[in-house]
Amino acid sequence: MHPDVQKIMLSEEEIKDRVQGLGKQISEEYQGEEILVIGILKGAMIFLADLVRNISIPTYFDFMAVSSYGAGTESSGAVRILKDLDKSIEGRHVIIVEDIVDTGLTLKYLTENLQARNPASLKICTLLDKPERRTVNVNVNYVGFSVPNEFVVGFGLDFNERYRNLPYIAVLKPEIYE
Ligand code: IMP
């Protein structure tokens, strides 16, 4: 275990099993279609890489980067597009892939923004959901795990850009957050 980690919330094995399940579910629900997965950088990249390898229908990727917490653990509420999609999504079956839904502000902004581009359908898939923290209503279609209200890192999620490469989801020792 990494020396800064206080406890592991979700092990590599638990995540692997759940991501397999999500991939299978998506493959079944979109049978006969092609999907476009939109990864939200940078947090969703590890989850997306594992998820798409468990999807058996034709799958295309694109990426967006939006501003999020910056250098702390609290959302500023402001969402800004840092990198937009490469191509039009008009008429495509789109799935937004996120690392975590916290207040919901990022996804509320993203779904409104992407819906306006006329996709054939638009769904949301997140590895983690922190329902206790929600301040705006967003309809999340696929959830890996519901987690308690604790700041977590690993499997793509960061604290000040660190710990994204941990292969599990963990809570850091309190002194690290100070
Ligand atoms: P929201 O807009 O408040 O839903 O926040 C979404 C973004 O906040 C996520 O994509 C993460 O980048 C970040 N975030 C929220 N909670 C955590 C956490 O526990 N650990 C790391 N990042 C988090």
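In the predicted model, a polar side-chain atom of Lys130 lies 2.9 Å from an oxygen atom of the ligand. Taken alone, the ligand exposes 490 Å², of which the protein buries 95% (accessible areas by the Shrake-Rupley method with a 1.4 Å probe; for residues, only the protein chains shown count as cover).

The model is predicted; local features need pLDDT of at least 70, side-chain atom pairs count only at pLDDT 80 or more, and totals for chains, interfaces and linings use all residues. Residues are numbered from 1 along each chain as its sequence is written, and side-chain values use heavy atoms, with hydrogens and water left out.

The ligand is surrounded by 17 residues (a residue is near a molecule if one of its heavy atoms lies within 4 Å of it). The closest of these are Asp99, Thr103, Gly104, Thr106 and Val152. By residue class, the shell comprises seven nonpolar, four polar and six charged residues (Ala, Val, Leu, Ile, Met, Phe, Trp, Tyr, Cys and Pro count as nonpolar, Asp, Glu, Lys and Arg as charged, and the others, Gly among them, as polar). At least two shell residues are supplied by each of strand 5 (93-101) and helix 3 (105-115). Strand 5 contributes the largest share, four residues (helices, H or I with at least four residues, and strands, E with at least two, are DSSP runs numbered from the N terminus).

Four aromatic pairs are present in the structure (rings of Phe, Tyr and Trp, the last by its six-membered ring, pair if their centres lie within 6.5 Å; planes under 30 degrees apart count as stacked, over 60 as edge-to-face and the rest as tilted). Phe61 and Phe63 form an edge-to-face pair, with 6.4 Å centre to centre and 80 degrees between the planes. Phe61 is partly exposed because its relative accessible area is 46%, and Phe63, at 26%, is likewise partly exposed (buried means under 20% relative accessible area, exposed over 50%, partly exposed in between; 1.4 Å probe, protein chains only). Phe151 and Phe159 also pair edge-to-face, at 6.0 Å centre to centre and 75 degrees between the planes. Phe159 has a relative accessibility of 8% and therefore counts as buried. Ring pairs join Phe151, Phe159 and Tyr177 into a cluster.

The charged end of Arg92 sits over the ring of Tyr60, 5.1 Å from the ring centre (NZ of Lys or CZ of Arg within 6 Å of the ring centre and within 35 degrees of the ring normal).

Technical notes
Polar contact = N/O pair within 3.5 Å; in protein donor to acceptor, adjacent residues only side chain to side chain.
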